Amino acid sequence: MATLGKTLPQTAALPIRSRARKDGVGVFGEEILLALDTLRKNPLRSALTILGIVIGITTVITVSAMINGLNDNVLAGIR
């Protein structure tokens, strides 16, 4: 454990996590605090990740709607 303290950088949010651990917040609460620390530390990376997810979901919905529309058009033409 002594090696981890030397290799990991100390952040300002680290005391929040250690305080939460002492207060009895479960592992899930600790993971949420770690995620919030990461979001605060890397806001550009977080914003780009959210943008990528939004673009990906929008693309999948658009392609699915186009395929359904083309299928309906072809079936209407056959009828």
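In which helix is Phe28 found? Phe28 belongs to helix 3, which spans residues 27–41. The close-up views below are taken from a predicted model.

**View 1. Helix 3 along its length.** Helix 3 consists of 15 residues. From its first C-alpha to its last, helix 3 reaches 21 Å, close to the 21 Å expected at 1.5 Å a residue.

**View 2. The buried residues of helix 3.** Gly29, Leu33 and Asp37 are the buried residues of helix 3. They cover an arc of only 80 degrees around the axis and therefore lie on the same side of helix 3. Val27 and Phe28, on the other side of helix 3, are exposed.

**View 3. Phe28 at the surface.** Phe28 has a relative accessible area of 62%. Phe28 counts as exposed because this value is above the cut-off of 50%.

**View 4. A nonpolar surface patch.** Phe28 forms a nonpolar patch on the surface with Ile32, Leu36 and Leu39. Together, Phe28, Ile32, Leu36 and Leu39 have about 390 Å² of accessible area.

**View 5. Ser46 and its contacts.** Ser46 is located in helix 4, residues 43–78. With a relative accessible area of 16%, Ser46 falls under the 20% cut-off and is therefore classed as buried. Leaving aside residues up to four places away in sequence, Ser46 touches Thr38 and Leu39. Leu39 is also one of the residues of the nonpolar patch that includes Phe28.

Note on methods
Residues numbered from 1 in each chain as written. Predicted model: local features only at pLDDT ≥ 70, side-chain atom pairs only at ≥ 80, totals over all residues. Heavy atoms only, no water. Patch = residues over 30% accessible without salt bridge, like charges linked within 9 Å, V, L, I, M, F, W, Y side chains within 5 Å. Areas by Shrake-Rupley, 256 points an atom, 1.4 Å probe, with all protein chains shown as cover. Salt bridge = Lys/Arg side-chain N within 4 Å of Asp/Glu carboxyl O. Helix = DSSP H or I, 4+ residues; strand = E, 2+ residues; numbered from the N terminus. Buried < 20%, exposed > 50% of the residue type's maximum accessible area, 1.4 Å probe, protein only. Expected span 1.5 Å × (residues − 1). Arc of directions from axis to C-beta. Contact = heavy atoms within 4.5 Å.
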